[in-house]
Amino acid sequence: MSYEDEIVEILAAPVFRTIADAAETLGQDTYVIGGFVRDLFLRRPSKDVDVVTVGSGIELAQAVARALGWKAKLIVFKRYGTAQVKAGGMELEFVGARRESYSRDSRNPVVEDGTLEDDQQRRDFTINALAFCLNKDRFGELLDPFGGLSDLATLRIVTPKDPDMTFSDDPLRMMRAVRFASQLGFFIDPDTFDSIVRNKRRIDIVSGERIADELNKIILSPRPSVGFELLDACGLLELIFPELEALKGAETKDGIGHKDNFAHTLMVLDRLSKTSGNLWLRWSALLHDIAKPVTKRFDHRLGWTFHNHNFVGEKMIPGIFRRMKLPMNEKMRYVQKMVTLHMRPIALVDEEVTDSAVRRLLFDAGDDIDDLMTLCEADITSKNPEKVRRYLNNFQLVRDKLVEIEEKDRLRNFQPPISGEEIMATFDLPPSRPVGLLKDAIKNAILDGAIPNDYVAALHFMHEKAAQMGLTYEK
């Protein structure tokens, strides 16, 4: 079966026949358009289908939902003249064909009814302007007025109309160009790229949420470095992510240089992306050295230092997440934890892997220990293959030790066997410093291996320590 036949077979699915029947009843020319069509040719699976009709998109969506029956969920957005039908694991977005005009200070267009040609011309890129007709007499006919199929074949991202107009109308399209290049492995047409450079400051009118959404998609692409290098090259990076742009460059003093931390960060992100699809772990890779520019110092004895960049980086993350409208919840705290702890396993590799150090790492990382180790292994980017091999072998020793300690001491998400409440009740104490000292002493004794992780041993230790502190209790 040729691929053209495969596309015809996909379009012959019942849901498209249902749309065709509804369009016929309403007498509306109707097309499937945009990313779904693009991805058909690229053989990328997609469940999101954009349907454009010359007429009312809402009426067509309502007719389709009625025909699909109880298994369909209809959502109408009257303000935007659009509707969504969810059915069979697919999301169908319906909109009437339209033409748009923009003002300089807004991404929100003035919308008028239009033709299919108007609708295709308002699309961001030629590869997203491809459309298949769904009407019965022309079912499966491809409409490609801007050569999008040829651009798919040559892996080119180019706008259907003057790029300056395209990007000035909706500056988010500049981010989308970079995102598609990163996701699909395409190149941005030189004239289109030059237009992004000229219009980069228009990005100021785009909300943080929309920018973050595109950044997330770049981060989740097969090689995220492609997207970030393009953002840097066109000048968008310094505007939307100045902390990351500040990592660029390698300085030399007294003949001593340091690596380019921007290049290193992208290498770590790419390496980690080969093994993990976890968005927030990838964010952790992107931010793991984010504080190096502000902690960089030159010491005539030690050379370049970045002392405490992991702790300073942890403190920078809430400001970055808040500005980008990223979630200020457990996802952010996870990224903070990864950034804070990313030096710990490397320190273990450089030193003797002691039970005590492994216990403390396991205690601090909890269920995220495997993610932390994955990040740290990706962080080994030396050009010396022997050094990389030695570090990775030593990381395996740390992993083995983690398994051994976890099986023996049950320390993942560990909490001391004796609570602060029990300490207060035993010694008739109010919440106070002695309570915290006792609780920490018990925790540290377990982590250091001085006592096992069980209640009886902790109870004996508590009484011994309390006696040393001059605390007494009534038997």
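Mentor: Before we start, one term: a crossing of two helices is right-handed if the near helix is turned clockwise from the far one by less than a right angle, and left-handed if anticlockwise. Keep in mind that this model is predicted.

Trainee: OK. Which hand is the crossing of H15 and H21?

Mentor: H15 and H21 cross in the right-handed sense.

Trainee: At roughly what angle do their axes cross, and within what distance do they come?

Mentor: The axes of H15 (residues 279-287) and H21 (residues 369-378) cross at roughly 40 degrees and come within 11 Å. H15 is therefore oblique to H21.

Trainee: Why give both an angle and a distance?

Mentor: Because two packed helices are described by the angle between their axes and the distance between the axes.

Trainee: Which residues make the contact?

Mentor: On the H15 side, Leu-281, Ser-284 and Ala-285; on the H21 side, Asp-371, Thr-374 and Leu-375. Sorted by class, three residues in this contact are nonpolar, two are polar and one is charged.

Trainee: New topic. Where does Gln-28 lie?

Mentor: In the loop that runs between helix H2 (14-26) and strand S1 (30-33).

Trainee: Is Gln-28 buried or exposed?

Mentor: Buried, because its relative accessibility is 7% and the cut-off for buried is under 20%.

Trainee: What does Gln-28 touch, leaving out residues up to four places away in sequence?

Mentor: Its contacts include Ala-23, Val-54, Glu-59 and Asn-135. Val-54 is 26 residues from Gln-28 in sequence, yet their C-alpha atoms are 5.7 Å apart in space.

Trainee: And which side chain has a polar contact of 2.9 Å with that of Gln-28?

Mentor: The side chain of Thr-53.

Technical notes:
Residues are numbered from 1 along each chain as its sequence is written. This is a predicted model: local features need pLDDT of at least 70, side-chain atom pairs count only at pLDDT 80 or more; totals for chains, interfaces and linings use all residues. Side-chain values use heavy atoms; hydrogens and water are left out. Helices (H or I, at least four residues) and strands (E, at least two) are DSSP runs, numbered from the N terminus. Buried means under 20% relative accessible area, exposed over 50%, partly exposed in between (1.4 Å probe, protein chains only). Contact means heavy atoms within 4.5 Å. A polar contact is a pair of N or O atoms within 3.5 Å; within protein, one must be able to donate a hydrogen and the other to accept it, and residues adjacent in sequence count only if both atoms are side-chain atoms. Axes are lines fitted to C-alpha atoms, for helices over the stretch in contact, and angles run from 0 to 180 degrees between N-to-C directions. Angles under 35 degrees count as roughly parallel, over 145 as roughly antiparallel, 65 to 115 as roughly perpendicular and the rest as oblique. Ala, Val, Leu, Ile, Met, Phe, Trp, Tyr, Cys and Pro count as nonpolar, Asp, Glu, Lys and Arg as charged, and the others, Gly among them, as polar.
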